[in-house]
Amino acid sequence: MKHNFKINLDKLEFTYSASNELKEYISNNNVIMFDEIKLIRQESRMYANEYAIWGCDYKQDKGIYNRLIGFLYYGSHNPNRQNIYISYLNECLYDNYMLASRFYVEEVVGLEFICISKIDIAIDFNFNIINRLYKLYKDSNYSLIVNRKKIENLNSTVKDVVHIAGNNSRKRPFANPTFCIHNDNNSLSLKAYNKTNEINQSSNKQYIIDNVGFNRLYRLEVSCANHKVIKKSLDMINLTD
């Protein structure tokens, strides 16, 4: 079997600014049309204003139809979350056409892009990358550095690396483990797990398997939930958001 992998986005949130007039106009309406984009108010505990974003898509068997794209929200009680935010539905991130619609959404609504505030990057493999990680993890010829701390002794307790057994049989309780490394405040993490099992046992996200095209998926997932960490990471590789 030829070893292969595919990279996708698995979570995406953008931060925007907007005029006070636009914010007031949106908050005073439960349903708003911006050209082909419809905002429908949702109940929210975290934000004073939250809207489902609906847009148009096309499929050969359906023709043109409306579908949920994501959510727009603002008015947080958190003083550090005082902008407008848009998060995209997971299924849309595996559809290049719908993912590109972000440019249209921000244009017709009248938002000004500030930064990416949350992102998950998924690398899916058609072979068991987790076993290879554990092989390196237990190899005394390599040094392990976690959060700037070097651990050379294989018998030393390693902080900030978590091993999760998951749902397994009584006979093999530790089969298909999840391997997770995170920074001090959990704003940046790397997780490795059997994505096929996760889809079959809980999430039912068949569209991921259809998009990636592998019979078995083993995933490395980088999660970043802090815009400052994202910017620092991008600066290190000379990229901007």
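Student: What should I know before we start?

Tutor: This is a predicted model, so local features need pLDDT of at least 70 and side-chain atom pairs count only at pLDDT 80 or more, while totals for chains, interfaces and linings use all residues. Residues are numbered from 1 along each chain as its sequence is written, and side-chain values use heavy atoms, with hydrogens and water left out.

Student: How many helices and strands are there, and what makes a stretch count as one?

Tutor: The protein has 6 helices and 13 strands. Both are DSSP runs numbered from the N terminus: helices are H or I with at least four residues, and strands are E with at least two. The C-alpha trace spans about 60 × 45 × 40 Å along its principal axes.

Student: Why is Y134 called buried?

Tutor: Buried means under 20% relative accessible area, exposed means over 50%, and partly exposed is in between (1.4 Å probe, protein chains only). Y134 has 15% relative accessibility, so Y134 counts as buried. Across the protein, buried residues make up 40% of the 241 residues.

Student: What makes Y134 and Y137 an edge-to-face aromatic pair?

Tutor: A pair of aromatic rings is described by the distance of the centres and the angle of the planes. Rings of Phe, Tyr and Trp (its six-membered ring) pair if their centres lie within 6.5 Å; planes under 30 degrees apart count as stacked, over 60 as edge-to-face and the rest as tilted. The structure holds 13 aromatic pairs. For Y134 and Y137 the centres are 6.3 Å apart and the planes are at 85°, which gives an edge-to-face pair. The two residues are 3 apart in helix 3 (residues 129-137), so about one helical turn separates Y134 from Y137.

Student: What other ring does Y134 pair with, and what does that pair tie together?

Tutor: Y134 also pairs edge-to-face with F179, at 5.2 Å centre to centre and 85° between the planes. Because Y134 lies in helix 3 and F179 in strand 11 (residues 178-182), this pair ties together parts that are 45 residues apart in sequence. Y134 and F179 are both buried. Elsewhere, F14, Y16, Y88 and F113 form one aromatic cluster.

Student: How do you know that the charged end of R81 sits over the ring of Y85?

Tutor: The test asks for NZ of Lys or CZ of Arg within 6 Å of the ring centre and within 35 degrees of the ring normal. The charged end of R81 is 3.9 Å from the centre of the Y85 ring and sits over that ring. K191 likewise lies over the face of Y193, at 4.9 Å from the ring centre.

Student: What does the side chain of N126 reach?

Tutor: A polar contact is a pair of N or O atoms within 3.5 Å; within protein, one must be able to donate a hydrogen and the other to accept it, and residues adjacent in sequence count only if both atoms are side-chain atoms. The N126 side chain reaches the backbone oxygen of K2 at 2.9 Å and the backbone nitrogen of N4 at 2.8 Å. N126 lies in the loop between strand 7 (112-125) and helix 3, and its 14% relative accessibility makes N126 buried.

Student: Why is I121 called partly exposed, and which residues is I121 in contact with?

Tutor: I121, found in strand 7, has a relative accessible area of 33%, so I121 is partly exposed. Contact means heavy atoms within 4.5 Å. Leaving aside neighbours within four places in sequence, I121 is in contact with I7, N8, L9, L220, E221 and V222.

Student: N147 or R148: which is buried and which is exposed?

Tutor: N147 is buried because its relative accessible area is 19%, whereas R148 is exposed because its area is 70%. Both lie in the loop between strand 8 and strand 9 (149-151). N147 has a positive phi of about 50° although it is not a glycine, and R148, also not a glycine, has a positive phi of about 70°.
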